[in-house]
Amino acid sequence: MPPVKRRGVQKPKDATKTIKRLFSYMTHFKALWVFVVLCVILDAGANIAGTYLLKPALNNYIVPLIKAENPDLSAFIKLLFIMAGLYIIGAAGSYLNNRMMLVISTKTLLKIRTDLFSHMETLPLRYFDSRTHGELMSLYTNDVDTLRDMLSQSIPRLLNSILTVVGVVSMMMILSPALCLVALFFVVVMSALIRFVGKKSSDSYRENQKNIALVNGYIEEMITGQKVVKVFNHEKEAKKTFALLNDNLRKAGTRANTWGSILGPITNNMGHIQYAVTSILGAILVIKGALSVGTIASFLQYTRNFNRPINEMSQLFNGVLNALAGAERIFAAIDEESETDEGNVALVNVSEKEQDGKTVLFEAFAPTGKWAWKNLEDGSLTALKGDVRFESVSFSYVSEKEVLHDISLFAKPGQKIALVGSTGSGKTTITNLLTRFYDIEEGNITYDGIALKKIRKDSLRRSLSMVLQDTHLFTGTVRDNIRYGNLDASDAEIIAAAKLANADSFIRHLKDGYDTVLSSDGANLSAGQRQLLSIARAAVANPPVLILDEATSSVDTRTEALIEKGMDSLMRGRTVFVIAHRLSTVRNADCIIVLEGGRIIERGTHEELLKAKGRYYNLCTGAFELS
């Protein structure tokens, strides 16, 4: 889902707090900031001083030398060189200012993006489940982009404009207080017009963005659902709806661009009117002898320099507000509470030794293939076996609706437990609680006799492997994607895992075999092949507990049989939780648990449940899929 475009000007809730937060990121660049401010002062000051030199150039050289014979131009040429030097210094200041702001902005955004991504990796799954992908991606795209524009362009331009306005007003007051008041009057009128047109323009652009979103959303929906459109002969209706949405966009776009295009001519013409009025009044004062020609020339140039930064500030203001609103959203994500972990039991490698006829565990500091739970408080070790028990567990994602009601079940080491039931019965929720993606509210879950909440989350998840219905492959080689399950796995272990999942054969038929690069979530592979790689990734982790959530839903019956044959050796001696709709997947389970409405309504082996002729019997005899 693409990020939604901004609609109009978005204002931050607390601009002062956000600005302070941004400055805290830029405190590492204090020396550069001093340099930037000096460059801005140099740029603005050079332009102001260069403009002022028009007065002596006219009064002291040009006017006196008009009627002179064989005039001496050496002093005038010297003044011209001084003016040229000032403008060159201003240009250098502008270049250095932009260059330094580029360094500051890129390094600041680097730190912000790093903090945002790093913090997101610590957030609980609940945070991601409650937000759309587009909403999260917009933090890294739209919000960061507006922040980049503000830091690299808007801030230095605003500083330059503010200093220019202050300097120009000061010089105008020195040259002619009366004409300065006339200029300020036009500024007030211009600001009122900008505010009025800006509001109309903002409302129109907000409506335009809304219609753009509707059109884009409809196009995306129609393209992705093109098969359905054609199957039901819905092409004409689709075109009618699109024509209506497209026409609404045309009308909104016309209004928005009409108001948007008005602002520029208004400010430009007001500037021309101000210049004309100032010229007329200045000419009158010159005729009366109240002002010199050089003074009025400098003043008129200052008038032009005065209008430009005023217009620029009005245009930059909305961009700064948008950027601060984006920064506020980024900081809100960074301030989200991280996933808590109170566990004091960790997973460690161990070796076994015989002492006095007993097997004693010793912690090993190199991979041994054997694991144990280590209590970090007393150092005691408990062998990792895969004994999982749920005791009177109740849970709800939201307080208004309980998803699991008083669930009790157990899985002894090496047992295969199948969870079946209709959609929404709570099957996947049980695995979410086992992996501690969510924490239980009532009851208790133990793992090898240890309360699940006492086990550190990273250790708990290292002891588990999951194969999900929706496979996700990362950009990289096939080998890298399998190794994702165990970053320390050797090439031999990767190949063994692929063979176990019956993926080795198709991998070797790929163009570059295990070094074939996958992209776009493995779009160049079939759904079944992606699932096989996902299973191989779980296999290479060599976990004591395996969770299969519709692991074979994307493969045909023949491939499913091959996978199950390979998985039998992987599951031997391991605890396995299987969520499946296909009867063939759950038939050989040690225990089948039937869920309905978050409650266990039946449990037993396949034969026992068939004899009971309950819900499971109806599912088996009524359809081939347990849906």
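Buried, as used here, means under 20% relative accessible area. Cysteine 591 has a relative accessibility of 18%, so this residue counts as buried. Please keep in mind that the structure you are looking at is a predicted model.

**Cysteines**
- Cysteine 180 also falls under the 20% cut-off, because its relative accessibility is 1%.
- Searching the whole structure for disulfides turns up zero of them.

**Threonine 108**
- You will find threonine 108 in helix H4, which covers residues 74–120.
- With 0% relative accessibility, threonine 108 is classed as buried.
- Setting aside residues up to four places away in sequence, threonine 108 touches Tyr25, Met26, Phe29 and Leu151.

- In soluble globular proteins, nonpolar side chains tend to be buried together.
- The largest nonpolar core here has 37 residues, and the ones touching the most other members are Val478, Ile482, Phe506, Ile507, Leu533, Ile592 and Tyr616.
- Helix H16 (residues 527–540) is the top contributor to this core, supplying seven residues.
- Another core, of 33 residues, lies apart from the largest one and includes Trp373, Leu409, Ile445 and Val545.

**A look at isoleucine 592**
- Isoleucine 592 is one of the residues that touch the most other members of the largest nonpolar core.
- Beyond its neighbours within four places in sequence, isoleucine 592 is in contact with Ala418, Val420, Val586, Glu602, Arg603, Gly604, Thr605, His606, Leu609 and Tyr616.
- Tyr616, listed among those contacts, is likewise named with the residues that touch the most other core members.

Definitions and conventions: Residues are numbered from 1 along each chain as its sequence is written. This is a predicted model: local features need pLDDT of at least 70, side-chain atom pairs count only at pLDDT 80 or more; totals for chains, interfaces and linings use all residues. Side-chain values use heavy atoms; hydrogens and water are left out. A disulfide is a pair of cysteine sulfur atoms within 2.5 Å. Buried means under 20% relative accessible area, exposed over 50%, partly exposed in between (1.4 Å probe, protein chains only). Helices (H or I, at least four residues) and strands (E, at least two) are DSSP runs, numbered from the N terminus. Contact means heavy atoms within 4.5 Å. A nonpolar core is a set of buried Ala, Val, Leu, Ile, Met, Phe, Trp, Tyr and Cys residues joined through side-chain atoms within 4.5 Å.
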